[in-house]
Amino acid sequence: MAFLLLGGLSLLAGLDGALLLLGFPAPVVTARLADVHGPLMVFGFVGTVVVLERAVAVRRNWAYLSPGLLGLGGLSLVSPLPLVVGQLALVAGSAVLLAIYRAIWLRQPSTSAAVQALGALLGLTATVLWLGGVPVPVLVPAMTLYLVLTIAGERLELARISPSVDHRAEMRMLAAGLFLTLGTVVALVWPGVGYPVLGLGLLGLVAWLFRHDVATRLIRSTGLPRYMAACLLAGYGWLLVVGASWIIVGPSFSGPGYDAVLHAVFLGFVMSMIMAHAPTILPAVLRRPLPYRPVLYLPVLLLHVSLLVRILLGDARDLPALVQWGGVANIVAVLLFVLLAVISVVRGVPRRQPNTKLKVTP
């Protein structure tokens with residue numbers, strides 16, 4: 001709970017910074033809150049939450065250093081402490097994450113662990129380069145693939161129950177991960193060449209997910225499985241937008257194109273993945289159930305509709321007002337999901353209605 005609290009505080013600070021970037025008044029204003037918005041959300045919030053699940057899975061006390069350092073690093077970014085303190089904490093937390101994957105690999109080598117380790121390597125690369133003075137917009141591909149490969153590796157782990165996933169399918173996923181890792185390096189040195197390469201690799205990865213992920217079958221079920229599948233497939237759809245943008249538009253470090261890619265990834269894909277996995281991951285971490293309730297569809301729907309308004313209307317047509325209000329609706333969707341998740345945990349598993357029908361004994 002303490003680690004989740006660190007991630008939650010980073011989330012609130014990041015959303016506060018989002019309001020400032022959108023041009024609205026925010027509850028808290030600091031000198032650099034808007035400047036650290038990206039790393040705060042990627043490493044301080046998402047990194048802490050995702051890595052916490054890995055730390056629980058590896059069952060080693062030292063593994064909790066990773067989410068702890070990422071969470072504290074996120075808070076340091078918005079504190080009066082020198083910026084380098086938060087940056088060093090993010091570097092250290094990312095380095096411990098690689099040690100976690102080494103422990104997982106030594107216990108049971110797998111393609112899914114290798115793909116996730118590639119993501120962790122890119123995350124460490126992004127934090128080191130940011131510490132070295134590289135601007136955040138230049139690091140977006142590394143930050144993007146840090147989370148995309150981590151999630152894709154986890155989906156591969158779950159997709160093994162699918163009859164379509166064999167050794168060749170796993171090797172294709174690993175090849176896509178290696179291709180994207182190489183593309184990230186190329187994009188850092190030669191953006192004009194690297195971004196289209198990344199776009200092609202991302203489209204290949206999404207094609208793999210649509211082909212093999214169990215979500216394509218669970219969407220026809222009911223209850224929690226259908227809810228999770230809907231979130232997953234919507235998130236994969238936003239990755240298609242990112243891949244197409246990197247191929248057609250190429251590198252973009254500011255303006256509407258940059259805003260569209262950034263939020264298609266970190267809201268459309270990553271936040272949708274968090275909403276999908278929360279009912280199964282949080283109980284494993286908190287040791288308390290987060291029961292599925294149909295009302296969880298409400299923040300999911302609000303998130304994706306507001307993103308469509310923000311990106312496909314506001315950014316694509318250069319309409320700042322739609323970008324602003326779409327962004328506010330994005331923030332409301334995230335906060336609404338957190339609120340509903342907390343309420344669902346507190347209320348616990350719904351009680352079954354008693355059977356009031358008369359039983360006739362022959």
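**Figure 1. Arg32 and the residues it touches.** Setting aside neighbours within four places in sequence, Arg32 is in contact with Ser76, Leu77, Ser79, Pro80, Leu81, Pro82 and Leu83; contact here means heavy atoms within 4.5 Å. Look for Arg32 in the loop between helix 1 (2-22) and helix 2 (37-58). Helices (H or I, at least four residues) and strands (E, at least two) are DSSP runs, numbered from the N terminus. Leu83 sits 51 residues away from Arg32 along the chain, and their C-alpha atoms are separated by 9.0 Å. A word on what you are viewing: this is a predicted model, where local features need pLDDT of at least 70, side-chain atom pairs count only at pLDDT 80 or more, and totals for chains, interfaces and linings use all residues. Residues are numbered from 1 along each chain as its sequence is written, and side-chain values use heavy atoms, with hydrogens and water left out.

**Figure 2. The whole chain, for orientation.** How many helices and strands does the chain have? There are 13 helices and 0 strands, and reading along the sequence gives the pattern α-α-α-α-α-α-α-α-α-α-α-α-α. Taken along the principal axes, the C-alpha atoms fill a box of roughly 80 × 50 × 45 Å. The radius of gyration is 20 Å, which agrees with the value near 21 Å that a compact globule of 362 residues would have; this radius is taken over C-alpha atoms, and the globule rule is 2.2 Å times the number of residues to the power 0.38. Of the 362 residues, 52% count as buried. Buried means under 20% relative accessible area, exposed means over 50%, and partly exposed lies in between (1.4 Å probe, protein chains only). Among contacts in the chain with a separation of 6 or more, 75% come from residues 24 or more positions apart.

**Figure 3. Helix 5 beside helix 6.** The axes of helix 5 (residues 111-131) and helix 6 (residues 140-159) come within 7 Å and cross at roughly 165 degrees. That makes helix 5 roughly antiparallel to helix 6. Axes are lines fitted to C-alpha atoms, for helices over the stretch in contact, and angles run from 0 to 180 degrees between N-to-C directions. Angles under 35 degrees count as roughly parallel, over 145 as roughly antiparallel, 65 to 115 as roughly perpendicular and the rest as oblique. Helix 5 passes helix 6 in a left-handed crossing, a name used if the near helix is turned anticlockwise from the far one by less than a right angle (right-handed if clockwise). On the helix 5 side, the contact includes Val115, Gln116 and Leu118, and on the helix 6 side it includes Leu149, Thr150 and Gly153. The residues of this contact divide into 11 nonpolar, 7 polar and 2 charged. Ala, Val, Leu, Ile, Met, Phe, Trp, Tyr, Cys and Pro count as nonpolar, Asp, Glu, Lys and Arg as charged, and the others, Gly among them, as polar.

**Figure 4. Helix 5 beside helix 7.** Here the axes of helix 5 and helix 7 (residues 167-189) come within 9 Å and cross at roughly 10 degrees. The two helices are therefore roughly parallel to each other. Helix 5 brings Thr111, Ala114, Val115, Leu118, Leu122 and Leu129 to the contact, while residues from helix 7 include Met171, Leu174 and Leu178. By class, this contact has 10 nonpolar, 4 polar and 1 charged residues.

**Figure 5. Gln116, a residue of helix 5.** Is Gln116 buried or exposed? Gln116, found in helix 5, is buried, with a relative accessible area of 1%.

**Figure 6. Gly235 and its surroundings.** Find Gly235 in helix 10 (residues 223-248). At 0% relative accessibility, Gly235 counts as buried. Leaving out residues up to four places away in sequence, Gly235 touches Gly268, Phe269, Ser272, Met273 and His304.

**Figure 7. Two loop residues with a positive phi.** Most residues other than glycine have a negative phi. Arg59, in the loop between helix 2 and helix 3 (65-77), has a positive phi of about 60 degrees. With 68% relative accessibility, Arg59 counts as exposed. Asp318 has a phi near 55 degrees and lies in the loop between helix 12 (297-315) and helix 13 (320-347). Asp318 is exposed too, with a relative accessible area of 53%.
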